[in-house]
Amino acid sequence: QVRLVESGGGLVQPGGSLRLSCAASGSIFSVYVMGWYRQAPGKQRELIATINSGGSTNYADSVKGRFTISRDNAKNTVYLQMNSLKPEDTAVYYCNKKAYRLAQTYDYWGQGTQVTVSS
């Protein structure tokens, strides 16, 4: 079992920055993808950034160039650095881990953290 705990959300003005953290505990997987999703009111949850066990990253077009996903393996933590925030970035942000072992896929979610971008 894996537990994911997000932190770092809050209220920020347009143009500001926030850094979200996702601390993972529990079972260890050598092959995985960590991702950040977000869900705005009345909208579907969308994938915005991923980092895999090899360190490769991918971003949604909506955040490319503004957001950076990274990880600290020693702390079992994944980060999302968000710069140049816009009101449309307002959403609940969720951490996700997809892990793979012996042809099985395991899907874990954090509880979410609210990010509000407003003046």
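Reader: How many salt bridges are there?
Author: The count comes to five salt bridges. Keep in mind that this is a predicted model.

Reader: Which residue does E46 meet in a salt bridge?
Author: The side chain of E46 meets that of R38. The N to O distance is 2.8 Å.

Reader: Is R38 buried or exposed?
Author: R38 is buried, with a relative accessible area of 6%. E46 is partly exposed, at 31% relative accessibility.

Reader: And D89, what does that side chain meet?
Author: D89 and R66 meet in a salt bridge, 2.7 Å from N to O. The pair links distant parts of the chain, 23 residues apart. D89 is in the loop between β8 and β9. R66 is in the loop between β6 (57-59) and β7.

Reader: Are those two buried or exposed?
Author: D89 is buried, with a relative accessible area of 1%. R66 also counts as buried, at 12%. The cut-off for buried is under 20%.

Reader: What about D107, which residue is its partner?
Author: D107 forms a salt bridge with K98. Their closest N and O atoms are 3.4 Å apart. D107 is partly exposed, with a relative accessible area of 43%. K98 is partly exposed too, at 22%.

Reader: New topic. How many disulfides?
Author: The count is one disulfide. The disulfide joins C22 to C95, with the S to S distance at 2.0 Å.

Reader: Where do C22 and C95 lie?
Author: C22 lies in strand β3 (residues 18-26). C95 lies in strand β9 (residues 91-101). So the pair ties together parts that are 73 residues apart in sequence.

Reader: Why is the disulfide called left-handed?
Author: Because the torsion about the S-S bond of C22 and C95 is about -80°.

Reader: Buried or exposed, those cysteines?
Author: C22 is buried, with a relative accessible area of 1%. C95 is buried as well, at 1%.

Reader: On to strands. Which way do β4 and β9 run?
Author: β4 and β9 run antiparallel, and eight bridges join them. β4 also pairs with strand β5 (residues 46-52) in the antiparallel sense, over six bridges.

Reader: What are the bridge partners of G35?
Author: In β9, the partner of G35 is N96. In β5, the partner of G35 is T50.

Reader: How many residues of β4 are buried?
Author: Six of the eight, so strand β4 (residues 32-39) is mostly covered.

Reader: And what sits in the hairpin of β4 and β5?
Author: Six residues sit between the strands. G42 takes a positive phi there, near 75°.

Reader: Which residues other than glycine have a positive phi?
Author: N76 is one of them, at about 50°. N76 is in the loop between β7 (67-72) and β8 (77-82), and counts as partly exposed at 43%. L102 is another, with phi near 50°. L102 lies in the loop between β9 and β10 (104-109). L102 is exposed, with a relative accessible area of 79%.

Reader: Which strand gives the most to the lining?
Author: β3 does, with four residues. β3, β4, β7 and β8 each supply at least two.

Reader: How many of the lining residues are nonpolar, polar and charged?
Author: Eight are nonpolar, six polar and three charged.

Key:
Residues are numbered from 1 along each chain as its sequence is written. This is a predicted model: local features need pLDDT of at least 70, side-chain atom pairs count only at pLDDT 80 or more; totals for chains, interfaces and linings use all residues. Side-chain values use heavy atoms; hydrogens and water are left out. A disulfide is a pair of cysteine sulfur atoms within 2.5 Å. Buried means under 20% relative accessible area, exposed over 50%, partly exposed in between (1.4 Å probe, protein chains only). Two strands pair if DSSP finds at least two bridges between them. Ala, Val, Leu, Ile, Met, Phe, Trp, Tyr, Cys and Pro count as nonpolar, Asp, Glu, Lys and Arg as charged, and the others, Gly among them, as polar. A salt bridge is a side-chain nitrogen of Lys or Arg within 4 Å of a carboxyl oxygen of Asp or Glu.
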